[in-house]
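Dear colleague,

Please find below the structure that I am handing over to you. The notes that follow it set out what was found.

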Amino acid sequence: MSVAKRVIACLDIRAGKVVKSVRFVDTKDIGDAIEFARRYNDEGVDELLFLDINASHERRRTAVELAARVADELFIPFTVGGGIASADVAGEILRTGADKVAVNSGAVRDPSLITAIAERYGSQACVLSVDAKRSDGTFEVVVDGGRVPTGRDAVAWATEAVRRGAGEVLVNSIDRDGTKLGFDLEMTSAIAEAVDVPVIASGGASSAEDFVTLFRGTPADAGLAASIFHYRELTIPDVKRALDRAGIAVRPAEAFRSSQGRG
Amino acid sequence: MIAIADYGVGNLASVRKAFHAVGHEADLVRDTRRLRDARAVVLPGVGHFGHCSREFHRYDLGPAILDARARGVPILGICVGMQLLFEGSEEAADAPGLGLLAGRVRRMRGVPRLPQIGWNEVAVGGSHPWLVAADGWYYFVHSYAAEPEAGVTLGTTDYAGERAAIVGSDGILGVQFHPEKSGPAGLRLLRGFAEAVA
């Protein structure tokens, strides 16, 4: 036995994306996000990722408030990402009870952000989230929600980020994002083979079989999905059962069936 | 009162909230004099051993913890907080541990990924009056692991080899994983500790 492969649900709160119901702009929407988080927790999700706060001040406050409320009632690891541009903001989120922050465009613009977060809070608290797409036979880093190409090689960037202190890499394939064609095995492998920290694959999952294929075909440590879980096209137990049947180690259903035991 | 030694490290809030969720109040305590009133002391920690050790000593927690130990106040160490109870760590040779548990902390070698991040299965092999943990899945985040001397290990996990997951001796309990982030299994462990030391 070894560490279980993780199934991660992403609460994607980017304005204008498919997952409109959990886009959060005010306190009422935080309630919605908490509802989803609670459901995933009850279903036995291994981890939660909350994306994407905005760089603006009031939405950052919302993110901190959300993180604090999640930490009040859910006792599983969670990450907050999107728009984090300073170690101070990262610290504010981590102090509420979040386990990690994910940095993306901000780190591409200023790679010392990774070093600053890792030095202050530890590598384990700093996830590099890299959005990438195919370009002339390589994988190119794109920023600002996948819209702006940077000319940087994603494998080289992930390697540099890990050297700077990132403790985990989230690989989001823009080529697969929203396509339901399955995870991007090629891109995930290229990065997972280049770094020695855990790697999370994201983008394209639509079935439990996609998770099985991911863990059979790449060294990824975790698979992440958003909208398919939101719309119940697929549930966390579906994925775990399929992985278990395929002989892939997962945290089993019995481990989370009991109540959280308040009092 | 259960006192969570507050030396500014990451998982303080989560540990307090987890005790609260199982019906036990735990206070973050920075003033070492207040540790004298505690019925149990929790030593949290996450991240770099050297950083944690420096902060720990900067707040002068060493003598307070040793004093608590001498007075028989139960101590629970979590992750790097548990590692601090050992003699020292390869992660920071110049930063000493408390030496309350026999053994040292070393980098995990021959492992697929570092840090180990995720849920791993723990097999409990020893007993301890405050340990109410069944075998189960717990959340780990670490690159270094304690290599305790004989008799200190109470539970193990497998990450490219057997690793100490639960350790203890008379008056001390320590866990490498994060019970405050291990769902119902972790909450049961914290509740068990809180009730046993009440």
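At what angle do H1(B) and H5(B) pack, and how far apart are their axes? The two helices pack at an angle of about 75°, with their axes 9 Å apart; axes are lines fitted to C-alpha atoms, for helices over the stretch in contact, and angles run from 0 to 180 degrees between N-to-C directions. H1(B) is therefore roughly perpendicular to H5(B), a term that covers angles of 65 to 115 degrees.

Before going further, please note that this is a predicted model, in which local features need pLDDT of at least 70, side-chain atom pairs count only at pLDDT 80 or more, and totals for chains, interfaces and linings use all residues. Residues are numbered from 1 along each chain as its sequence is written, while chains are lettered from A and ligands numbered from 1 in the order in which they are written.

In this helix pair, B:Ala18, B:Phe19 and B:Ala21 of H1(B) meet B:Gly186, B:Leu187, B:Leu190 and B:Ala194 of H5(B). Two residues are in contact if their C-beta atoms, placed from the backbone, lie within 7 Å. By class, this contact has 6 nonpolar, 1 polar and no charged residues. Ala, Val, Leu, Ile, Met, Phe, Trp, Tyr, Cys and Pro count as nonpolar, Asp, Glu, Lys and Arg as charged, and the others, Gly among them, as polar.

The contact between the chains takes 34 residues from chain B and 35 residues from chain A. On the side of chain B, two or more residues come from each of helix H1 (12-21), strand E8 (116-124), strand E9 (136-142) and helix H5 (183-196). Helices (H or I, at least four residues) and strands (E, at least two) are DSSP runs, numbered from the N terminus. E8(B) gives the largest share of that side, 6 residues. The side divides into 17 nonpolar, 11 polar and 6 charged residues.

In helix H2 (residues 49-58) of chain B, B:Phe49, B:His51, B:Cys52, B:Ser53 and B:Phe56 are buried, that is, each has 20 or more other C-beta atoms within 10 Å of its own. Among the elements that these buried residues pack against are helix H3 (61-70) and strand E6 (92-96) of chain B. Just after H2(B), B:Asp60 takes a positive phi of about 60°.

Chain A has 10 helices and 10 strands, and buried residues make up 52% of its 263 residues.

Methods: Buried ≥ 20, exposed ≤ 12 C-beta atoms within 10 Å, placed from the backbone. Parallel < 35°, antiparallel > 145°, perpendicular 65-115°, else oblique.
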